[in-house]
Amino acid sequence: MKNYPGTIILALLFVLGSRAQTSCSTYYPFDEGTSFQITMYDNKDKTTGIIDYVVKESTGNSAILAYEMLDDKGTLIVTSEYGISCEDDGISIDFNSLAAPGIMEQYKDMEIDITGTNLSVPNNLSPGQTLPDADMLMNIRMAPINMKMTITIYNRKVGARETLTTPAGTFDCIVISDQTDTKMGMKFSGSSKQWLAEGVGMVKQESYNKKGKLMGSSVLTAFNK
């Protein structure tokens, strides 16, 4: 399986939504059947894959998002799902979504324990705002193997407003930047920027390595409700 960079992980965290769909969420869909697509590119704008999302279940204050991930040739790589729920003045995203697509399938024959802190996204985002950290710790065991993987998203800051155009339309966005550390034997560090639009969610996301070099991007390319 191709080793997708952090851009894939973060693409799962900031997907579409609409304030009209539920009073507790500005950036996430809660209407069953809502579907949307994120297309991923490398640092040379070559398509590396596509993730198709659908709101599988909704109870009004929580929802299950299912997704299918395809490679650049349209071959199905993995299917999975994760939950989002309303909390305080925004939403809380299941920390299990921090893991790269396919990671659970890769270790399905092993004993896995996962703990962590959910990722929160307030409804009211404003420039200069600092957002809470999120993390996930995965313990993987199958004698004699004992591995640990940690993912930490920190230094989350809300930046300026910008206008972006993608195949899905033109959007007024607010930018969120953060840093990510992933450790599984070796430590990998990087950063990202996400452009979010009210009533839409993620319009674009870029991932960088620890030296600030662009590694890849994810762009909203379709939305249906």
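This is a predicted model: local features need pLDDT of at least 70, side-chain atom pairs count only at pLDDT 80 or more; totals for chains, interfaces and linings use all residues.
How many aromatic pairs does a search of the whole structure find? The search finds 2.

A pair of aromatic rings is described by the distance of the centres and the angle of the planes. For Phe 36 and Tyr 53, the ring centres are 5.1 Å apart and the planes meet at 20°. An angle under 30 degrees counts as stacked, so the pair of Phe 36 and Tyr 53 is a stacked one. Phe 36 belongs to strand β1 (residues 35-42) and Tyr 53 to strand β2, so this contact ties together parts that are 17 residues apart in sequence. Both residues of the pair, Phe 36 and Tyr 53, are buried.

Tyr 53 also pairs with Tyr 67, and here the arrangement is tilted, with 5.9 Å from centre to centre and 50° between the planes. This second pair links distant parts of the chain as well, since Tyr 53 is in strand β2 while Tyr 67 is in strand β3 (residues 62-71), 14 residues apart. Tyr 53 and Tyr 67 are both buried. Through these ring pairs, Phe 36, Tyr 53 and Tyr 67 are linked into a cluster.

Is Tyr 53 buried or exposed? Its relative accessible area is 2%, and buried means under 20%, so Tyr 53 counts as buried. The C-alpha atom of Tyr 53 is 9.9 Å from that of Thr 79, a residue 26 positions away along the chain.

In soluble globular proteins, nonpolar side chains tend to be buried together. The largest nonpolar core in this model has 37 residues, and Tyr 53 and Leu 125 touch the most other members. The strand that gives the most to this core is β11 (residues 169-184), with 5 residues.

Strand β7 runs antiparallel to strand β5 (residues 90-93), and 4 bridges join the two. Within this pairing, Ser 92 stands opposite Ser 120.

The next topic is charge. Side chains of opposite charge can pair when their charged atoms come close. A search of the whole structure finds 6 salt bridges. One of them joins Asp 113 and Arg 141, with 2.4 Å from N to O. Asp 113 is in strand β6 (residues 111-117) and Arg 141 in strand β9 (residues 134-142), so the bridge spans 28 residues of the chain. Asp 113 is partly exposed, at 33% relative accessibility, and Arg 141 is also partly exposed, at 29%. Together with Glu 111, these two residues form a network of salt bridges.

Another salt bridge joins Asp 181 and Lys 187, whose closest N and O atoms are 3.7 Å apart. Here Asp 181 is buried, with a relative accessible area of 15%, whereas Lys 187 is exposed, at 54%.

Lys 204 has two partners. Its charged end sits over the ring of Trp 195, 5.8 Å from the ring centre. Lys 204 also forms a salt bridge with Glu 206, with 3.2 Å between the closest N and O atoms. Glu 206 is buried, at 15% relative accessible area, and Lys 204 is partly exposed, at 23%.

Methods: Residues are numbered from 1 along each chain as its sequence is written. Side-chain values use heavy atoms; hydrogens and water are left out. A nonpolar core is a set of buried Ala, Val, Leu, Ile, Met, Phe, Trp, Tyr and Cys residues joined through side-chain atoms within 4.5 Å. Buried means under 20% relative accessible area, exposed over 50%, partly exposed in between (1.4 Å probe, protein chains only). Two strands pair if DSSP finds at least two bridges between them. Rings of Phe, Tyr and Trp (its six-membered ring) pair if their centres lie within 6.5 Å; planes under 30 degrees apart count as stacked, over 60 as edge-to-face and the rest as tilted. A charge sits over a ring if NZ of Lys or CZ of Arg is within 6 Å of the ring centre and within 35 degrees of the ring normal. A salt bridge is a side-chain nitrogen of Lys or Arg within 4 Å of a carboxyl oxygen of Asp or Glu.
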